[in-house]
Each structure stands twice: as structure tokens, then as C-alpha cells.
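Hi everyone, thanks for coming. I'd like to walk you through a helix pair and a sheet today, so let me put the structure up.

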Amino acid sequence: MTDSATPLHDRHRAVLPDWLALYYRRPIEITHGEGRHVWDADGNRYLDFFGGILTTMTAHALPEVTKAVADQAARIVHSSTLYLNRPMVELAERIATLSGIPDARVFFTTSGTEANDAALLLATAHRGTNQVLAMRNSYHGRSFSTVSITGNRGWSPTSLSPLQRLYVHGGVRTRGPYAQLTDERFVDACVADLEDLLGHARAPAALIAEPVQGVGGFTSPPDGLYAAFREVLDRHGVLWISDEVQTGWGRTGDHFWGWQAHGRNGPPDLLTFAKGIGNGMSVGGVVARAEVMNSLDANSISTFGGSPITMAAGLANLSYLLDHDLQGNARRVGGLLIERLRAAAAGVPAVREVRGRGLMIGIELVRPGTEHADPEAASAVLEAAREGGLLIGKGGGHNTSTLRIAPPLTLTVAEAEEGAAVLEQALHAL
Ligand code: PMP
């Protein structure tokens, strides 16, 4: 039996699922944060380059968001979607406009998983088929429907599925059968593969894709791939769902949404979001053209989705993000950070690639001289960075060997330099 005198890690292990993995040999209990820093229960301060998995998007304890949450909590926390909800309507209006999707409707959920689940429900109901295209190495959530379109074995605990899914090439530029091709030929090969697949498939409901694969290790296709896919999909009447759970709100610097790197043929039919918009409050959602959103012929509801308190947080957070041009900051400071990290990684034989855009940067580690993923090296760098006072994440393929760097979008140049210096040391200690 555990009691309150037992170390928290032991109590965690005794009562929570084994598959709920913790980072670090000695896991950290984070007790508070401010700006880009967090503190643990022993009073150690860390520079936070992971933001609780890209979710603390602006800053920890951002006064504008904290105040909005406190003010709303003092009025009413929950009322349900059965009643008019001003903050929900306001946030929906703003997201509908920002999405670029014409005649957009927004449905709020409490997580990215539920957002993608809703998108799959809409697309399959609208198209009258349960066949869905997804990308290899993708991650879209933990529910029964979303693990079944997750092309990353490490996060796919069952092969049972409510959907018939087919996996498409293209999410990973520098590995796989087309890796050696030029960007243009890579896109052509992926399009030809998609055409071929559609020639054999029933007419699928949708293609779902992350513009930059998050859990998969911040991998992406050449810009324009999804625009090229779109032309093929349109010919077959297949919808395009852009999973912007990690890439939305300007994190990639060059664009507000990840799909805009592939925007030649307009916005996706459906867009899903979560993580950063609530700055830690549970906000997710799906945006779709009215024709698609309204195609359900029965009632549907998310009891907590769009609750006034989470919507107040989302509104305050979004206003801060736009007023302070954090997309521009992600581009500028992210550009500097990736240059610093490229320099830091130069000459480290375990580094296969430094990639990414904006404040979404991956460093892929391999066993030196090979193409084999090296998860132990990734864990070692994570530990060393922690010792240096820096929190980062990891991800990538079946073997998690890519370091993931995704600080809050208010990151300063000085903090970028500081974090890069810690990572340089950690990489050279390998
Ligand atoms: N889609 C993507 C691209 C994600 O990265 C994640 C979470 N890592 C999800 C969906 C699922 O979001 P959540 O954990 O909020 O359910």
C-alpha cells in the first residue's frame, strides 16, 4: 500500500497505467512556471523548450490568460452547449475567419484526439464510407478511431479499427524509398503513389495529414506536396483534413497554419486544432465547411467542449498571440535557434539531421556511421539537457530518436542562445 509518505514516482507507478511513460530516470514534478521557465518540487529552475508537448504556446502563467481564466471562473465555469455561450461564439468567429475555410463552422472539443475523431466522423458520414487515407509515420490521437489512422507503430497499440485505412507516402522527406529524389521528383513519386492507391481503393472519405509530423519527429514533405495531393483528391471527391494540433497558430513561423506551406490549391476541407490555443486549458476543435459540418443527421454534443472557462483562456491567448506577432517571433527566433543548433551539431557523428521550421525543430540521432535510430542517445541527451537546466522532448518513428525542440512562442533571443548552448554541451557529451 502506498501512502502520502511514499515518493510520488512510486505512487504514480502503483496507480497509473504502465504505458503512461514518464521522461527521465528521476522523473520531474513540475510545480510552477513563469514565462519560458518552470520549477520542480526541489526548487530547480528549467528553461522549457517543450511547453508540455507544444501546449504552453505563449508563456507559462501569462497574466492576460490567468486573469481571463480567474475572471471567468468567478462568474461561471460551465453551462454546457444547451445554452448560449458568448466566449464560445466569439472564439468560433475568430477561428472561422483565421482558418481560411469558406463558410466555416467550428465545433469545440476538449482534446486533439477528440477533434480528429470528430473530423473522421464528419468526413465518413459526409462521404458514406469508412475508408480513410493517412500518412505513414503519422500520429493523430489515442482513441480507438485515431490510433487506427496512426501510422507510427510506437503509438498504435491495436490493429483493430472502426476504419479501413490506407497509408500514403510523403510525410518523411529523408527516409523511405523516395528519399534520394529531388524535391520535385519526390512530390511526383508521392502523387503517383496516391493515384495508384486510389485506382485500387473504394472512394475514400478523406486524407488526414499533419503538415509537419509532430510525434513522428518533426518530419515534413517538401512544400507543396499536399497542394499536389489536393488536385488528385479533388478529382476523386476525397476530402482533405489538415491536423494542425501541433502546427497551428504560427508555430512554424513562415505560416499561421501548416497547410499554408501547401496552399496553392486553397485551404483544406477540414482543419483540426488543440494543444496551444488554450495555453494549457483543454481546448480542441474542428473547422469545416458548413456543408460538411452540417452533414450529421443526428444530434451530437461534447459536454465540456467549448466551456466558458476554456474559451475565455483561448480568446485571451489568441489575442496575445496576434497582438504580439508571435508568428513573426517564431520565424525570427526560430530561424536563429535552428542555425545555432546546426552549428552545435556540426561534427557530432550521432546527428543525422537537424530539421524543422519556426519553433518546431528536430535533431535526429543515429548510431554513428549508420542510418539506425539511436533511442539511447536521445535519452542521454534529454538527461544531459535536464542536468544543464533545459527541458526538451523526443519523438520519431518506431524508435524514438529525434530530439524535439518546441519552446513557447514568446522565446527571446537570449533564451534561444542559452538553450542552444546547453544542447551543444549535451550533444558533445554523447
Ligand atoms: N494530433 C496531433 C498532430 C498530435 O500531436 C496530438 C497529440 N500529441 C494529437 C492529435 C492528440 O491530441 P491530444 O493528446 O490532445 O488528444
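Before we look at the helices, one term: a crossing is called right-handed if the near helix is turned clockwise from the far one by less than a right angle, and left-handed if anticlockwise. And please keep in mind that this is a predicted model.

Now, to the helix pair. In that sense of the word, α3 makes a right-handed crossing with α10. α3 covers residues 63-75 and α10 covers residues 308-323, and their axes lie 8 Å apart at an angle of about 155°. Angles over 145 degrees count as roughly antiparallel, and α3 and α10 are therefore roughly antiparallel to each other.

Which residues in α3 meet α10? They are Glu64, Val65, Ala68, Val69, Gln72 and Ala73. On the α10 side you'll find Pro308, Ile309, Ala312, Ala313, Ala316, Asn317 and Tyr320.

Four strands form an open sheet in the order β11-β12-β15-β14, paired antiparallel. β11 (351-357) and β14 (393-395) are the edge strands with a single partner each, so one side of each has no neighbour in the sheet. On average, neighbouring strands here are turned by 25° against each other, ignoring direction.

Zooming in on β11, six bridges join this strand to β12, residues 360-365. Within that pairing, Glu353 has Glu364 in β12 as its bridge partner.

Finally, what lies across β11, β12 and β15? That's helix α11, residues 326-345, which runs at about 175° to β11. Thanks, everyone!

Conventions: Residues numbered from 1 in each chain as written. Predicted model: local features only at pLDDT ≥ 70, side-chain atom pairs only at ≥ 80, totals over all residues. Heavy atoms only, no water. Axes fitted to C-alpha atoms, helices over the stretch in contact; angles between N-to-C directions. Helix = DSSP H or I, 4+ residues; strand = E, 2+ residues; numbered from the N terminus. Parallel < 35°, antiparallel > 145°, perpendicular 65-115°, else oblique. Contact = heavy atoms within 4.5 Å. Pairing = 2+ DSSP bridges.
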